[in-house]
Protein chains: 4
Amino acid sequence: MIHMQNLNVGLIGGGFMGKAHSLAYAAMPMFFWPAPALPVRKVIAEANPELAAEAARRFGFENSTSDWRTIIDDPDIHVVDIATPNHLHAEIAIAAAEAGKHIICEKPLARTGEESKAMYDAVKDKDIVHMVAFNYRRTPAVALAKKYIEEGAIGQILNFRGTYLQDWSADPNSPLSWRFQKSIAGSGALGDIATHVIDMARYLVGEFSAVNAVLSTWIPERPVQTAGADALGTVRGGEGPRGKVDVDDEVMTMIRFANGAVGSVEATRNAHGRNNYITFEIHGTEGSIVFNYERRDELQVCFASDQADRRGFRTVYTGPAHPYGEGLWPIPALGIGYGETKIIEAHDFFKAISEGGSVNPNFADGYQVALIDDAIIESAAKETWVEVPQVTD
Amino acid sequence: MIHMQNLNVGLIGGGFMGKAHSLAYAAMPMFFWPAPALPVRKVIAEANPELAAEAARRFGFENSTSDWRTIIDDPDIHVVDIATPNHLHAEIAIAAAEAGKHIICEKPLARTGEESKAMYDAVKDKDIVHMVAFNYRRTPAVALAKKYIEEGAIGQILNFRGTYLQDWSADPNSPLSWRFQKSIAGSGALGDIATHVIDMARYLVGEFSAVNAVLSTWIPERPVQTAGADALGTVRGGEGPRGKVDVDDEVMTMIRFANGAVGSVEATRNAHGRNNYITFEIHGTEGSIVFNYERRDELQVCFASDQADRRGFRTVYTGPAHPYGEGLWPIPALGIGYGETKIIEAHDFFKAISEGGSVNPNFADGYQVALIDDAIIESAAKETWVEVPQVTD
Amino acid sequence: MIHMQNLNVGLIGGGFMGKAHSLAYAAMPMFFWPAPALPVRKVIAEANPELAAEAARRFGFENSTSDWRTIIDDPDIHVVDIATPNHLHAEIAIAAAEAGKHIICEKPLARTGEESKAMYDAVKDKDIVHMVAFNYRRTPAVALAKKYIEEGAIGQILNFRGTYLQDWSADPNSPLSWRFQKSIAGSGALGDIATHVIDMARYLVGEFSAVNAVLSTWIPERPVQTAGADALGTVRGGEGPRGKVDVDDEVMTMIRFANGAVGSVEATRNAHGRNNYITFEIHGTEGSIVFNYERRDELQVCFASDQADRRGFRTVYTGPAHPYGEGLWPIPALGIGYGETKIIEAHDFFKAISEGGSVNPNFADGYQVALIDDAIIESAAKETWVEVPQVTD
Amino acid sequence: MIHMQNLNVGLIGGGFMGKAHSLAYAAMPMFFWPAPALPVRKVIAEANPELAAEAARRFGFENSTSDWRTIIDDPDIHVVDIATPNHLHAEIAIAAAEAGKHIICEKPLARTGEESKAMYDAVKDKDIVHMVAFNYRRTPAVALAKKYIEEGAIGQILNFRGTYLQDWSADPNSPLSWRFQKSIAGSGALGDIATHVIDMARYLVGEFSAVNAVLSTWIPERPVQTAGADALGTVRGGEGPRGKVDVDDEVMTMIRFANGAVGSVEATRNAHGRNNYITFEIHGTEGSIVFNYERRDELQVCFASDQADRRGFRTVYTGPAHPYGEGLWPIPALGIGYGETKIIEAHDFFKAISEGGSVNPNFADGYQVALIDDAIIESAAKETWVEVPQVTD
């Protein structure tokens, strides 16, 4: 019989992300077989004990707890999964690191560069695998873009243009959830969604050397939440008193990359008609690549070397011939969903644990993204270019 | 604590479909909560005992067996899931029905109308839930099309044009898997893929009264398979002896619907560049609907009543505001994958069991589709219109 | 100085088509230089003398007439351009042929095969150039499809699926213009729009051997027109008495091609949201081609021989590297409009005159399309396959 | 008979733009009838007398000249059309203004703000109509966007993102045409293409208050041209000595609009696979608008007020129900080409002359765009935000 290690997971947070991660743990071996390891859904933590018990039943965990510290203290737990709002990431992760657990933490790594540094410092010299869950770079089409770039298929990169456009909070009556509160979220569209595109830009192009940004808050007040929350942590349609939004609704930044490329990122939650519109367009000396997550089975690529009368963007549907394809579905366009990005993420995380290596994006990456975020905030405040410090070992 | 019934599943077949169904059982309560029932992955059957044991471990089943009859005979099993090649459907389903199990059977229901009738006869008077797994009608965008039609949003339907285009067997060197053998598959592109579109046509437009078809076999011989199989049941790239293909590669049919609408379906596995290109376009007296599964998060709809200078197809991304949306992902375009169609299917199947009702498409539907298939085959042979008999109770 | 012959044109009909042809004559030398000949807009005919005079001024003709026979009788006229409703084509064309004029005639060639035969008989042994204005095959992207096919880039053609979907008469209150009257138009969507797709199918795939069709009339009565007409020959929004529509609103046909390929054509004027949706998809043994006139700058092509992980439809924007590109605009996507299809048509027509050759599609082609139309009508009436007779010579 | 004034045109420049303008003069009355005036193609100027004579014949002008001053001096000329390289615009326009001619000048108005100011000063107090040929804002879909915005259909504008991406000079071996020489062109992608998007941004959103830009020159040397030129003024594929490119290949700028909106423009000629990719996306408080010139028959618009389960971008094909539609083609998607943008431009220009009014964009607009260009250049050099001065009067 094939040997595969059981690895016990303690998941902290039973919301939308808890669901996505639970799915990944259940499904990963179904997709990738032999699996690098077998995740065991051991304990799930939620502040309310009844909700915790319900989450365990729903998401297939053996036990539940209302105190995340019991997970940290449990010697049977190998992996701590942090799927809480942002302000709790640092405390949990540092405790988990000190307890020698492998850690996967939802993005952004923390509210600020400073918090992120503390987290990185806590893990960097320990023999643990740490990962920050920028899952979209694991969309097979994005991994294919990376492969093309590494193969030199589009030559030297000249520029990168990325967007993350949503509209779920474009309504001024959508509530003041934690995502609009700096004390919990750290920042707004910047940390919540722009970071995914920044992660992709670093992954595909390279390090940022400087940024030049504008932050906008289009809806300065929103209805205060009273009770309950939907999957995004919001209660819709509030009519009561309004509270101040102290984060950005939109970020726009220009980028200078260390390798000489230039670029821009735009992220907003006020783009009516855009839902999860994560896109990038990359121009190189030998070709171009275009991606749109809303049509995530596809990658578009143009090769300058194609015969003149047969040249144009190729729409490649990812499948078995492409990254992660052997583990996914047997033909292209059968359908990559959000779950698959998390399943692949789990695969690579457990593979690193199993093989004793590391995985990307890790806490160093998460910290680097936080430094970029800090530079963006500073740039927007000072209305000038700001150099981005680089994480070093 | 919320009461939810545990229902024990015996799954027969550990290939691509076994994987998809296992995913659905694990994930269904994660998505739809409270779940109508809690599926328990009890036993999985595969002919080879070692492969069966491996499948159990991979897909999260408690036990395995190399004899599917042990599942039928097991009084603890509530649900039999048939995910085998087509020629085994009838025997298994009839045995399961006689044992009083609820049954979900992969599509097409069987190889012929006659076999399908025997299956339908076996279930129709029993107190069991039966379902045939035409999962694509459960794509949220397709369910949304159904909702629009039922609301009268496009008026009376005039015509329907559907396609299912693939290219995975367009290479003459792709092997003679069971899908190219009439004795196992019953038919070719007709039963394998056209049936999905026929199911959608019935679901969205209504019953077929007559068909007029052309069947084509473009690659008359393929390399005989020797060992192993990929997820579609094929071994690629054979070099050895070739065997005869006795099923169709392509089907094209015109349709007369009972309600006066007309239409056509085209399905082929020789369409280079098309992967899982399931599409339909429906024209009604008050609007039109267009769907393409390769971009399955979207439905296009045009309302004739829109103001003249603002009229055009709307591209609606399905999400919480649309069918099944509350159970899926919190915003549109986060990503519906193939798995979600199976998760929804499982939800509706278990809901029918839990509530003591029935579900569509059931064996009557599967039998009706088989009668349409038979009529298509007869039509193609006789080169004439053929009336479609109607399943009656 | 470059020698180019002046050729005097007499244009009969000052409606939408008169406009398009006048544009072509004025613009052709601007685009294609040196021009094969210089068209001189000499005389335009309209039944009403005042409208004729106004049309001359508007469309840049030197003279006008209210009697088309004066054009036939004028020895200075080299080219007769027939842009009238269909019922006048035959009489005018036969007279023009007898007078030895070169002839370009709007499509369809005539109302029936019989009329078309008379026209073809009138020209076939004369030393004149004759052309039927199926302009859409001259869209550069369609000409590029032809080039690919001739180069063998997609191998042997297996099937063809074409559509022509419109909605301008989907409103039951749109008037009973001549296009809905058999005595003038000959047929409905069949002759008016399906013929364009049939022309493309013959151009790209080859001759039809048999058809099997369904014709539908969705709106059996329309308001009678009283006065005036818009550019399509209609007066919109009638409120008065209704008259009977005796032509088809929609045609759907299956096709057997002489070379073994199969196919289908669907044309309707009741497809809300479709405007000038002329599409085809062609599958060959080595690749596929997809075209949509609503995005006419583009042709999509997939080559089976592309490297597995870089395979997918290429979206080729036509420009200088493609057919007719040197004469059009200096870069792709600058914008091919309807006018360009007519400018290219004029170019090829005058080139044939100048060089003493012939041009396609000519009256033999127009007659062949009419025979296909007749077979479609017969097939729909008899509900059976009908063989298509072939034009000989 | 309808009275329409003949207006004699002297066209300076017989290249690609000369062709486009000649087409517009010939076709305008065919499309818009009664025409505001009848343009008479009187004289065309090219430096070489033989080429001038040939251009007259090709483009339908009565006479030709090798000295543009003869056009200025000719009292019969009403309109001077400047279609030369940029460095000649100012001298010709100022002379024409002094001679009291109406002037249409190709874009950008001149090489710099200073030159543009001189041109504007020359016309501003004279009783002449002046226009700068930013034709793309006259694409019907762009005019429809303007209409929606003016109707308040998308509410208050929050941001604008525009691009103009091309690849015709992405090849380092494409020649050092005048477009790469500052002394002739003034700037590179900035003046040549970004100005079109800047014009649209001003048209649709409003005045720029500040810019913050990056300019890049990706190909610092190109082959020197020796003889001849294609339609863009280039000779392709040079092998000889190389000369220095002293303009930008790419511009990226952030924008602050006076009304509080923010935005960005990116233009490059090094985007492999992009041909004439002029796009914008505008987010407002009540909806969004998206345009892509490569699919110029279409405008996408999303209304936040649409019913939740029917909301999404509508793809509106422009036609008779939309701006300029009555004059163009009788149904949408018949095909708007580049020519149509010029035909509409000519219509509006002659209408202003005929009615004694003014037209937009005029020399004030052209000057304002030049001031924005100057600010962009300064911003890129200083790496800081630069305020944009406003044209007054």
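A residue counts as buried here if 20 or more other C-beta atoms lie within 10 Å of its own C-beta atom. The legends below describe a predicted model.

**View 1. Strand β7 of chain C and its two partner strands.**
Strand β7(C) covers residues 157–165, and nine of the nine are buried, so the strand is largely enclosed by the rest of the structure. Strand β13 of chain C, residues 277–284, pairs with β7(C) in the antiparallel sense, over eight bridges. In this pairing Phe160(C) stands opposite Ile282(C) of β13(C). Strand β12 of chain C, residues 262–268, also pairs with β7(C), but in the parallel sense and over seven bridges. Here Tyr164(C) stands opposite Ala267(C) of β12(C). In a regular strand the side chains alternate between the two faces of the sheet.

**View 2. The open sheet of chain D with six strands.**
The strands of this sheet follow the order β3-β2-β1-β4-β5-β6 in chain D, and their pairing is parallel. The edges are formed by β3(D), residues 63–65, and β6(D), residues 130–132; each has a single partner strand, so one side of each is left without a neighbour in the sheet. From one strand to the next, the twist averages 20°. Helix α4 of chain D, residues 89–98, packs on the sheet and touches β1 (6–12), β4 (79–82) and β5 of chain D. The direction of α4(D) makes about 165° with that of β5(D).

**View 3. The pairing of β5 and β6 in chain D.**
Strand β5(D) spans residues 102–105 and is joined to β6(D) by three bridges, the two strands running parallel. One residue to look for is Ile103(D), whose bridge partner in β6(D) is His130(D).

**View 4. Helices α5 and α10 of chain A.**
Helix α5(A) consists of residues 113–124 and helix α10(A) of residues 363–382; their axes come within 8 Å and cross at roughly 165°. Angles over 145 degrees count as roughly antiparallel, and α5(A) is therefore roughly antiparallel to α10(A). The crossing is left-handed. On the α5(A) side the contact is made by Gly113(A), Ser116(A), Lys117(A), Met119(A), Tyr120(A) and Val123(A). On the α10(A) side it is made by Phe363(A), Ala364(A), Gly366(A), Tyr367(A), Ala370(A), Leu371(A) and Asp374(A). Sorted by class, the contact of α5(A) with α10(A) has eight nonpolar, three polar and two charged residues.

**View 5. Helices α5 and α10 of chain C.**
In chain C, helix α5 spans residues 113–123 and helix α10 spans residues 363–382. The axes of α5(C) and α10(C) cross at roughly 165° and come within 8 Å, which makes the two helices roughly antiparallel. Their crossing is left-handed. Among the residues of α5(C) that meet α10(C) are Lys117(C), Met119(C) and Tyr120(C). Those of α10(C) that take part include Phe363(C), Tyr367(C) and Asp374(C). The contact of α5(C) with α10(C) has eight nonpolar, three polar and two charged residues.

**View 6. The contact between chains A and B.**
Here 37 residues of chain A are in contact with 37 residues of chain B. On the chain A side, the elements that give two or more residues are α1 (16–31), α2 (49–59) and α9 (338–355). Helix α1(A) gives the most to this side, with eight residues. The side of chain A that touches chain B has 20 nonpolar, nine polar and eight charged residues.

**View 7. The contact between chains C and D.**
Chain D and chain C each bring 37 residues to this contact. On the side of chain D, two or more residues come from each of α1 (16–31), α2 (49–59) and α9 (338–355). Eight residues belong to α1(D), which gives the most to this side. By class, the side of chain D that touches chain C has 20 nonpolar, nine polar and eight charged residues.

**View 8. Ala210 of chain A and its surroundings.**
Ala210(A) lies in strand β8 of chain A, residues 208–216. Is Ala210(A) buried or partly exposed? It has 19 C-beta neighbours inside 10 Å, so Ala210(A) counts as partly exposed. Leaving aside residues up to four places away in sequence, Ala210(A) touches Arg256(A), Trp385(A), Val386(A), Glu387(A) and Val388(A). Ala258(A) is 48 residues from Ala210(A) in sequence, while the C-alpha atoms of the two are 8.3 Å apart in space.

Conventions
Residues are numbered from 1 along each chain as its sequence is written. Chains are lettered from A and ligands numbered from 1 in the order in which they are written. This is a predicted model: local features need pLDDT of at least 70, side-chain atom pairs count only at pLDDT 80 or more; totals for chains, interfaces and linings use all residues. Two residues are in contact if their C-beta atoms, placed from the backbone, lie within 7 Å. Helices (H or I, at least four residues) and strands (E, at least two) are DSSP runs, numbered from the N terminus. Ala, Val, Leu, Ile, Met, Phe, Trp, Tyr, Cys and Pro count as nonpolar, Asp, Glu, Lys and Arg as charged, and the others, Gly among them, as polar. A residue is buried if 20 or more other C-beta atoms lie within 10 Å of its own, exposed if 12 or fewer, and partly exposed in between; C-beta atoms are placed from the backbone. Two strands pair if DSSP finds at least two bridges between them. Axes are lines fitted to C-alpha atoms, for helices over the stretch in contact, and angles run from 0 to 180 degrees between N-to-C directions. Angles under 35 degrees count as roughly parallel, over 145 as roughly antiparallel, 65 to 115 as roughly perpendicular and the rest as oblique. A crossing is left-handed if the near helix is turned anticlockwise from the far one by less than a right angle, and right-handed if clockwise.
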